[in-house]
Amino acid sequence: MSTTATPLTQLSAWKALKSHHEKIAPRHLRELFAEDPQRGTKLAVEALGIYLDYSKNRITEETLQLLLKLAEESGLRERMEAMFSGEKINITEKRAVLHTALRAPKDAVINVDGKNVVPEVHQVLDRMSAFADRVRSGAWKGHTGKRIRNVVNIGIGGSDLGPVMAYEALRHYSQRDLNFRFVSNVDGTDFAEATHDLDAEETLFIVSSKTFTTLETMTNAQTARKWALDKLGDPAAVAKHFVAVSTNAGEVSKFGIDTANMFGFWDWVGGRYSMDSAIGLSTMIAIGPDNFRAMLSGFHAMDEHFRTTPFEKNLPVLMGLLSIWYNDFFDAQTVAVLPYDQYLKRFPAYLQQLTMESNGKHVTLSGAQVDYQTGPIYWGEPGTNGQHSFYQLIHQGTRLIPCDFIGFEKTLNPLSNHHDLLMANVFAQTEALAFGKTAEQVKAEGTPDWLVPHRVFEGNRPSNTLLLQELTPETLGKLVALYEHSVFTQGVIWQIDSFDQWGVELGKVLAVRIIKELEGNSELKHDSSTNALIQRYLKAK
Ligand SMILES: O=P(O)(O)OC[C@H]1O[C@H](O)[C@H](O)[C@@H](O)[C@@H]1O
């Protein structure tokens with residue numbers, strides 16, 4: 001694959017956007033809405049039951065045309081095809097990027113190095129389904145003959161965030177007589193608190209790690225093994241209480257898990273794109289194979305939408321382009337993701353890895369230093385909690401924070417008027433952010449002059465509103481894939497490798513060196529700060 005492209009800032013659409021931005025920056029959303037009474041429905045798209053209202057963005061028709069031209073000039077269409085067809089677009093690791101194959105239908109053909117990967121994907125899904133059914137029905141017994149009541153997923157990064165997010169998101173659909181826990185942090189507290197009330201005879205550990213070498217996960221897995229064997233006595237118990245999810249059969253056997261109890265995946269699945277591979281085993285046990293497959297069909301529907309829909313109606317492309325607009329032209333540093341659904345409470349955390357590990361890059365595919373900003377910081381909390389915490393800064397602070405509001409037309413828990421109150425807040429927040437409140441309006445309310453400036457809302461603060469029908473496994477699949485492809489769109493435009501994560505390495509290597517120093521008496525050869533910190537810790541130990 002060629003890595004030489006016209007530098008981003010030399011593209012004609014980029015240059016045009018630069019000067020266009022000067023025209024748009026002083027314009028207020030109040031004026032833009034006043035100029036076109038249809039704006040609120042014109043700048044909106046609906047696809048796959050997802051309604052994206054992007055009218056409350058600081059854009060005009062011209063902005064949109066220029067952004068769409070930027071996507072064309074960046075070769076988005078070709079790069080998309082390269083990804084979907086299994087080209088090795090992760091150039092620094094020489095790997096294909098095929099999370100889309102994980103949700104492809106059985107009869108699809110997707111070749112990697114001349115081999116169709118789809119049959120293997122479905123074989124693993126079938127094995128997962130059979131296993132999940134046995135755990136759910138109680139047919140799978142622990143070592144002492146008791147049925148499994150607790151499922152503990154041990155993993156970190158992509159081997160944790162997807163499973164936790166999906167479990168929380170789809171809790172409504174989960175089998176309620178099974179408990180699910182997630183252990184990720186190497187801090188012993190995480191394991192201790194997750195297991196303190198569990199009976200080992202009824203507990204199944206899923207050790208999830210793509211590489212099966214990750215320090216945190218291996219440490220937690222060893223601790224789990226000891227915890228289980230201390231209570232169950234017999235090393236043969238491992239076979240009934242531990243299964244592995246990994247690409248590395250060798251390390252799985254070394255750990256003592258029979259590869260018959262291993263569910264595999266492939267190096268063309270990135271960790272942060274792996275929740276619908278075998279890494280989703282805990283999700284499948286929770287919601288059942290049929291619901292899991294419904295989730296995969298949601299992912300697939302969004303894949304097809306992304307691949308086949310013209311850019312101007314393409315949800316991930318539009319969202320990706322809007323993110324570029326604020327990040328690169330307005331110098332916005334962050335994006336707030338605000339789901340108005342308690343079940344999506346871990347969605348912002350999940351998105352942090354997806355977006356920031358993917359697009360937190362400072363060189364282009366050819367290794368040149370970029371001279372523009374790449375991935376913004378993603379953050380957020382579910383509404384309405386965030387409103388009583390950090391929204392103050394979004395409304396009246398000095399920074400521009402584009403927001404994604406996510407709401408559902410129907411609730412899964414219709415208690416009195418809760419859902420109306422929740423949704424009223426979504427609509428009120430986006431309205432307040434966009435239109436604010438002028439000094440005249442504040443004065444007209446009888447506010448004393450000295451207080452007026454404090455109570456003025458400038459407005460002109462942009463947001464997207466995503467309105468979905470109902471939170472189902474299928475909808476979740478669509479929503480996650482929407483963000484995956486938005487991240488891809490942005491990475492293509494920035495000309496970066498969105499699929500490696502070298503930035504995680506240095507800290508890991510240094511930690512390994514320091515672990516030895518904490519255990520032994522070796523001489524400390526760090527800088528004066530690191531030396532002093534380590535010495536202080538060693539003294540107190
Ligand atoms: O699944 P594992 O191999 O254990 O990796 C877990 C995580 O750790 C790494 O450091 C990467 O930064 C993540 O992308 C990955 O998801």
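**Lining of the largest pocket in the predicted model**. A total of 42 residues line this pocket. Those nearest its centre are Thr211, Thr214, Glu357, Gln501 and Lys508. The volume of the pocket is about 990 Å³. By class, the lining holds 15 nonpolar, 18 polar and 9 charged residues.

**Helices that contribute to the lining of the largest pocket**. Three elements are shown: H9 (215-232), H15 (347-359) and H21 (505-519). Each of these helices supplies at least two lining residues. H21 gives the most, with 5 residues. Lys508, one of the residues nearest the pocket centre, falls within the 505-519 span of H21.

**The ligand in the largest pocket**. The space that the ligand takes is this pocket. Around the ligand are 14 residues. Ser159, Ser209, Thr211, Thr214 and Glu357 come nearest to the ligand. The shell comprises 2 nonpolar, 9 polar and 3 charged residues. Thr211, Thr214 and Glu357 are also among the lining residues that lie nearest the pocket centre.

**Polar side-chain atoms facing ligand oxygen atoms**. A side-chain N or O atom of Ser159 is 2.6 Å from an oxygen atom of the ligand. For Glu357, a side-chain N or O atom is likewise 2.6 Å from a ligand oxygen. Gln353 places a polar side-chain atom 3.3 Å from an oxygen atom of the ligand. On its own, the ligand has 390 Å² of accessible area, and the protein covers 89% of it.

How values were computed. Residues are numbered from 1 along each chain as its sequence is written. This is a predicted model: local features need pLDDT of at least 70, side-chain atom pairs count only at pLDDT 80 or more; totals for chains, interfaces and linings use all residues. Side-chain values use heavy atoms; hydrogens and water are left out. A residue is near a molecule or strand if one of its heavy atoms lies within 4 Å of it. A polar contact is a pair of N or O atoms within 3.5 Å; within protein, one must be able to donate a hydrogen and the other to accept it, and residues adjacent in sequence count only if both atoms are side-chain atoms. Accessible areas come from the Shrake-Rupley method with a 1.4 Å probe; for residues, only the protein chains shown count as cover. On a 1 Å grid over the protein atoms alone, a cavity is a set of points where a 1.4 Å probe fits but cannot get out, and a pocket is an open set with protein on both sides within 12 Å along at least five of seven lines; lining residues have an atom within 4 Å of a point. A molecule sits in a cavity or pocket if more than half of its atoms lie within 2 Å of its grid points. Ala, Val, Leu, Ile, Met, Phe, Trp, Tyr, Cys and Pro count as nonpolar, Asp, Glu, Lys and Arg as charged, and the others, Gly among them, as polar. Grid points are joined across faces, edges and corners, and a volume is the space filled by probe spheres set on the points. Helices (H or I, at least four residues) and strands (E, at least two) are DSSP runs, numbered from the N terminus.
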